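I opened the structure today and kept notes as I went. Here is what I looked up.

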Amino acid sequence: MASSMAAACTAAKASLSPAQSTNQRTPAQGRLLFPGAAPSSRSLRLRPAGRRSPATRSLPRAAKAVVAALADPLKVMISGAPASGKGTQCELIKAKFGLVHISAGDLLRAEIAAGSENGKQAKEFMEKGQLVPDEIVVNMVKERLLQPDAQENGWLLDGYPRSYSQAMALETLAIRPDICILLDVPDELLVERVVGRRLDPVTGKIYHLKYSPPENEEIASRLTQRFDDTEEKVKLRLETYYQNIESLLSTYEDVLVKVKGDATVEDVFSKIDELLSSSLDKKTEIVASA
């Protein structure tokens, strides 16, 4: 197996055309910005996603498969305000790219339920109505990222880090994404999405009075609203979000891409799909040219 893998890699490298040296930078062909925002030093210029590089395009199909297998798996962070659509997009990303989906909130609940040391410490703070310290959550995230499935398949870190201190803790541990996707949705739409959410206590299904109404009157009559899904509460949550997000922008400036999240689910995922496919291409290109 090892000899056949090595032979395929040799064939892959041999099929590459020699790299041409140049001092010219390729002109930018795409840009993602917040709607209405003026260009700034933080705007990212992107090669149109999905295009294959000349190097990988010239490889035979079998050689491409070997090179892709040898490339490091994708490491992705996705961030956005409450109700920006992170959960929906994470499900689509996981299905398409096979990444391990990691949510700090889910980890916290799982650790508490399992009675782990991290979980016990976290529970003590939560029972006192206090925030769980960053070091406890960072330890949970680190341990999950180091598990074999995340190392082999790549990971998708959902809504974390949320503050500068959390980001710095990950930087200290050399945990850094290949790409950080920031979903950008106007505040008025975020408020509408949150205020209209309803929960079916029987099935656990989430509905929205406007975008995903219940199927019948029986279900509609038993729907409940989360205590914090009110306009007043969501505006407070948005204030906290905006206070923290600016520091994250500077931390991940070199890998940050802002994606408009007020389009349809399909259109938002189409853009994300292009970006992640492009990132994979770059990883494959690096291995192929090594």
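Entry 1: I started with W155 and listed its contacts, where contact means heavy atoms within 4.5 Å. Leaving out residues up to four places away in sequence, I found that W155 touches L74, K75, V76, M77, L99, V100, I102, L145, A150, I175, R176 and P177. I noted two things about the source: this is a predicted model, in which local features need pLDDT of at least 70 and side-chain atom pairs count only at pLDDT 80 or more, while totals for chains, interfaces and linings use all residues. Residues are numbered from 1 along each chain as its sequence is written, and side-chain values use heavy atoms, with hydrogens and water left out.

Next I looked up the nonpolar core (a set of buried Ala, Val, Leu, Ile, Met, Phe, Trp, Tyr and Cys residues joined through side-chain atoms within 4.5 Å). Buried means under 20% relative accessible area, exposed over 50%, and partly exposed in between, with a 1.4 Å probe and protein chains only. The largest nonpolar core has 39 residues. V141, W155, L157, Y160, L170 and Y252 touch the most other members. I then checked which elements supply this core; among those giving at least two residues each are β5 (155-158), α7 (134-145), α9 (164-172) and α12 (231-251). Helices (H or I, at least four residues) and strands (E, at least two) are DSSP runs, numbered from the N terminus. Another core lies apart from the largest one. It has 18 residues, including V76, V268, L275 and L276.

**Entry 2: strand β9.** Is β9 mostly covered or mostly open? I found β9 (residues 256-260) mostly covered, with four of its five residues buried. I also looked up its pairing with β6 (two strands pair if DSSP finds at least two bridges between them). β6 and β9 pair in the parallel sense over five bridges. I181 stands opposite V257 in β9.

**Entry 3: aromatic rings.** Rings of Phe, Tyr and Trp (its six-membered ring) pair if their centres lie within 6.5 Å; planes under 30 degrees apart count as stacked, over 60 as edge-to-face and the rest as tilted. I counted one aromatic pair by this rule. Y241 and Y242 form it edge-to-face, at 5.1 Å centre to centre and with 65 degrees between the planes. Y241 is buried because its relative accessibility is 15%. Y242, at 35%, counts as partly exposed.

**Entry 4: salt bridges.** A salt bridge is a side-chain nitrogen of Lys or Arg within 4 Å of a carboxyl oxygen of Asp or Glu. How many salt bridges are there by this rule? The count comes to 18.

- K94 and E91 form one, with the closest N and O atoms 3.6 Å apart. They are three residues apart in helix α4 (residues 86-97), so about one helical turn separates them.
- D106 and R109 form another, at 2.7 Å between the closest N and O atoms. Both lie in helix α5, three residues apart, about one turn of the helix. D106 is partly exposed at 42%, whereas R109 is exposed at 54%.
- K210 and E192 have their closest N and O atoms 3.1 Å apart. K210 lies in the loop between β8 (206-208) and α11 (217-222) and E192 in helix α10, so this pair ties together parts that are 18 residues apart in sequence.
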